Amino acid sequence: MTTEPLRRRLAPAVALLLLAPWTAECSWGGFTLVGMPFVVVILAPMYGGAALLIRETARRLGLGWPGIVLLAAAFGVVQAGLVDQSLFNPGFLDDTQFAGTRATAEATLVPGLGFSARQAVDYVGNHVALTICASIALVESYLGAGRRSRPWLGRPGLVVTALLWLGGSLLVFADDGGRKGFLASPVQLAVAAGVALALIAAALRHAGRPVDRPAAGPYPDRNRAADPAGAGGPDVDRAGSAGTGSTPAVARKAPAAPWPVWPALVVLVAYLGAGIVPGWPGVGLALALALLTAVLLTRWSRRAGWGQRHVLAAGSASVFAAAAFAYDVPTYSPASPAADLAGDVAISVIVLLLVGGAWWRVSGRAARDRRRAAGPAGRPASPPA
């Protein structure tokens, strides 16, 4: 395998390191345009370090997107439960323009543990959708199929990234503006740690599979390594395959992957629908929508034709929704109407450029792969002698 230049390998890693804090805290309107660069630089070690560690772990162990989602949920629990402890601190937002959400949060307090189920769903869900999945899907979409499925960092890079994440998390934990002087009880900390470990264990169930080996199942990134265009062909019924001693069944056309707009709509409905119903019914609806989204995306990802365009559509849907609602969401600290509007417009432009550029790259590469596979004059390429 050809060794890539260090600068080429590090470029997507640095991009993810910087994009994750922006999608996490800026894409939904939490900060003005002037404050965004400061937020990105300060929070890049924690948010970006986590996104990079999760991405590298998933690609090295062949976990696929189900593993990324579970690791992202574990990060959300660690961040909100152990680092800034916003999950257990009822007054965490009292010094912001979101102080009015406290009453809504307290309507779904979990007895004995002192946290809001509504906030748990919101905090962890946003970390999964915006901080981790959206940033990884966007950065990987700018790369070729081979680089999307391979690790970007060696062991020294992983150590540096882990230290960045740990240092960034400790900075937030120790800072007065991070944890805000609050300390959760030992029971609360133990519960958060236990849930995070359970999610990590669930993600690692499929660990140990070779990264570059194509495999059936919901691991579309590795399957794309064998089918770079993401176009695929009709699946063959595996009944009576080699080793069973029976005659192979007649090939039949398997269901094709849906248009990329459908994964995007499913994620969009789940993201928007999670917050439309208050109280415990709303928590139940949010969890049901998340489960339905996971089932649909996993099933669709097993179909022929599933590719990076589908991943990009699903990953960017929540960012589009967040950017659209930024016009109606206040910043953490009061700002002038002009500063608010400038920040919201900047968010819309950034999201359009990021997603539009990623879509152009993915579509262009897929078209080139199809032309290459077709050979000259549109004829199928002859197999090598």
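Mentor: A residue is called buried when its relative accessible area is under 20%. Keep that in mind as we look at this predicted model.

Trainee: What makes helix α3 mostly covered?

Mentor: Of the 20 residues in α3, 16 are buried. Q85 follows this helix, and its phi is positive, near 55°.

Trainee: How do you know that the span of α3, residues 64-83, agrees with its number of residues?

Mentor: At 1.5 Å a residue, the 20 residues should span 28 Å, and the end C-alpha atoms lie 27 Å apart, so the two agree.

Trainee: Why is C26 called buried?

Mentor: The cut-off is under 20%. C26 has a relative accessible area of 0%, so C26 is buried.

Trainee: And what makes C133 buried or exposed?

Mentor: C133 has a relative accessible area of 10%, which is under 20%, so C133 counts as buried too.

Trainee: Which residues touch the most other members of the largest nonpolar core?

Mentor: They are W22, I68 and I132, in a core of 77 residues. Helix α5, residues 117-141, gives the most to this core, with twelve residues. There is also a second, separate core of five residues, including A117, V121, V283 and A286.

Trainee: What does I68 touch, leaving out residues up to four places away in sequence?

Mentor: I68 touches I54, A58, R59, I132, C133 and I136. Among them is C133, the buried cysteine we discussed.

Terms used. Residues numbered from 1 in each chain as written. Predicted model: local features only at pLDDT ≥ 70, side-chain atom pairs only at ≥ 80, totals over all residues. Heavy atoms only, no water. Helix = DSSP H or I, 4+ residues; strand = E, 2+ residues; numbered from the N terminus. Expected span 1.5 Å × (residues − 1). Buried < 20%, exposed > 50% of the residue type's maximum accessible area, 1.4 Å probe, protein only. Core = buried A, V, L, I, M, F, W, Y, C linked by side-chain atoms within 4.5 Å. Contact = heavy atoms within 4.5 Å.
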